[in-house]
Amino acid sequence: MSAFKSDFLRVLDERGFIHQISDPQGLDDLFARETVTGYIGFDATAKSLHAGSLIQIMMLHWMQQTGHRPIALMGGGTSMIGDPSFKDEARKLLTPRDIDDNLAGIRRNFAPYLNFGEGPRDALMVNNADWLLSLNYVDFLRDVGRHFSVNRMLSFESVKLRLEREQSLSFLEFNYMILQAYDFVELHKRYGCRLQMGGSDQWGNIVNGIDLGHKLGASQLFALTSPLLTTSSGAKMGKSASGAVWLAGEMLSPYDFWQYWRNTEDADVGRFLKLYTTLPLDEAGRLASLGGSEINEAKKVLATEVTAMLHGRAAAEAAAETARKTFEEGTLAESLPTVEVPKASLEAGLGLLSLFVTAGLAASNGEARRHVQGGAVRLNDEPVKDERRVVDFSDLGSEGVIKLSLGRKKHVLVRPV
């Protein structure tokens with residue numbers, strides 16, 4: 001039973017989102033008595049967010065669902081520097097055009113989870129470039145920089161980790177935490193924002209913003225962090241063997257997104273149902289308690305519910321049906337991921353290894369070769385043991401496609417055009 005009286009903190013607590021809160025009682029009282037504005041920052045380092053950001057997006061979702069106003073802060077300004085938090089190396093610097101392109105893609109990631117608008121509880125999408133890029137450096141140093149202790153900044157875990165490994169931490173990146181603190185104060189001034197949320201690695205940066213707000217005369221500000229999630233086996237959330245699990249449908253198909261969640265480890269099913277779906281807690285608990293092979297049914301529910309939130313119910317059910325046909329009936333589902341190859345290339349014959357790379361089932365010929373040697377490769381459901389195998393028109397099935405498979409769960413159709 002949650003100790004919180006406000007709907008928002010009670011939901012976050014019961015569903016496993018809370019790691020730390022700067023003043024639990026004060027924040028609970030605030031949420032219980034008024035409509036609260038809170039934010040999470042997202043840097044624009046790619047054209048889409050990936051599944052590792054979903055826990056933060058779901059926190060904003062629940063904030064709005066419980067009657068409050070979430071802000072998705074786009075880091076158009078801070079992306080020009082890069083956040084050093086727990087990174088081994090400095091980020092590659094992006095051009096303003098790169099950042100604008102990335103922001104356009106990321107905005108679309110939020111649409112399924114938040115209702116944006118001008119109302120008192122409508123979500124806002126704000127870009128910190130609006131205030132950071134027009135700052136006067138000398139004025140900023142005098143008015144803001146003087147409030148920061150370098151000694152204290154050096155004590156933050158994210159900074160210590162880099163320094164202990166004797167890895168370079170540039171002055172450029174060191175400024176990032178000052179700018180993030182300034183964002184919090186600026187959002188409070190512009191929108192009455194009282195809460196910043198983020199992953200637990202952001203705790204020091206968020207507390208910096210609270211301290212800066214206090215020194216600059218702002219209302220009491222609050223911090224709330226979520227646990228940094230890994231799978232039970234220690235894998236990082238949002239990453240799969242074939243790369244990032246992107247939220248953008250054009251970068252990762254709804255079917256592949258569904259499959260990522262279907263492959264959840266048994267021990268994670270209950271936790272992920274609470275964090276990544278809106279299923280009632282009793283139903284999530286019931287599914288998590290299923291034993292033996294029945295846990296696979298819970299994984300299908302997890303995959304379908306998470307995919308439905310992002311891509312829509314129809315796409316999620318189509319992905320589930322494609323998987324059912326492929327794995328349970330053994331039939332060829334036309335909605336499997338498809339790669340097109342020129343007819344002329346197929347007439348001449350394509351090396352199996354390079355075709356696997358083209359299909360995205362391997363990153364290199366060497367990796368594809370290892371899969372063949374390990375017995376994981378099938379062509380039209382037949383095992384392939386010859387790494388020099390050539391694929392041509394004779395391999396086309398009655399449906400006019402060639403089915404490539406890696407293991408039991410990864411399939412791609414090759415279609416000549």
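Here is our conversation about the sheet, some helices and a few side chains.

Mentor: Happy to! This is a predicted model, so we take local features at pLDDT of at least 70 and side-chain atom pairs only at pLDDT 80 or more, while totals for chains, interfaces and linings use all residues. Residues are numbered from 1 along each chain as its sequence is written, and side-chain values use heavy atoms, with hydrogens and water left out.

Trainee: In what order do the six strands of the open sheet stand?

Mentor: Strands are DSSP runs of E of at least two residues, and helices are runs of H or I of at least four, numbered from the N terminus. Two strands pair if DSSP finds at least two bridges between them. The pairing in this sheet is mixed, and the order is β1-β6-β5-β2-β3-β4.

Trainee: Which strands stand at the edges?

Mentor: Look for strands with a single partner, because one side of each is then left without a neighbour in the sheet. The two at the edges are β1 (20–21) and β4 (124–127).

Trainee: How is F184 placed against Y39, and what is the angle between the planes?

Mentor: Ring centres of Phe, Tyr and Trp (its six-membered ring) within 6.5 Å make a pair; planes under 30 degrees apart are stacked, over 60 edge-to-face and the rest tilted. The whole structure has nine aromatic pairs. Y39 and F184 form an edge-to-face one, 5.6 Å centre to centre, with an angle between the planes of 65°.

Trainee: How many residues apart in sequence are the parts this pair ties together?

Mentor: Y39 counts as buried at 1% relative accessibility, and F184 does too at 0%; buried means under 20% relative accessible area, exposed over 50% and partly exposed in between, with a 1.4 Å probe and protein chains only. Y39 lies in strand β2 (residues 37–43) and F184 in helix α10 (residues 176–191), so the pair ties together parts whose separation in sequence is 145 residues.

Trainee: Which backbone oxygen lies 2.9 Å from a polar atom of the K299 side chain?

Mentor: K299 sits in helix α15 (residues 295–311) and is buried at 8% relative accessibility. Contact means heavy atoms within 4.5 Å; leaving aside neighbours within four places in sequence, the residues in contact with K299 include W261, R262 and E265. The backbone oxygen in question belongs to T264.

Trainee: Which residue of β15 is the bridge partner of E340?

Mentor: Five of the seven residues of β15 (residues 410–416) are buried, so this strand is largely enclosed by the rest of the structure. Four bridges join it, in parallel, to β9 (residues 338–341). The partner of E340 in β15 is R415.

Trainee: And which residue in the turn of the β14 and β15 hairpin has a positive phi?

Mentor: β14 (residues 402–406) pairs with β15 in the antiparallel sense over five bridges, and K403 stands opposite L413. Three residues lie between the two strands of the hairpin, and the one in the turn with a positive phi, about 65°, is G407.

How values were computed. A polar contact is a pair of N or O atoms within 3.5 Å; within protein, one must be able to donate a hydrogen and the other to accept it, and residues adjacent in sequence count only if both atoms are side-chain atoms.
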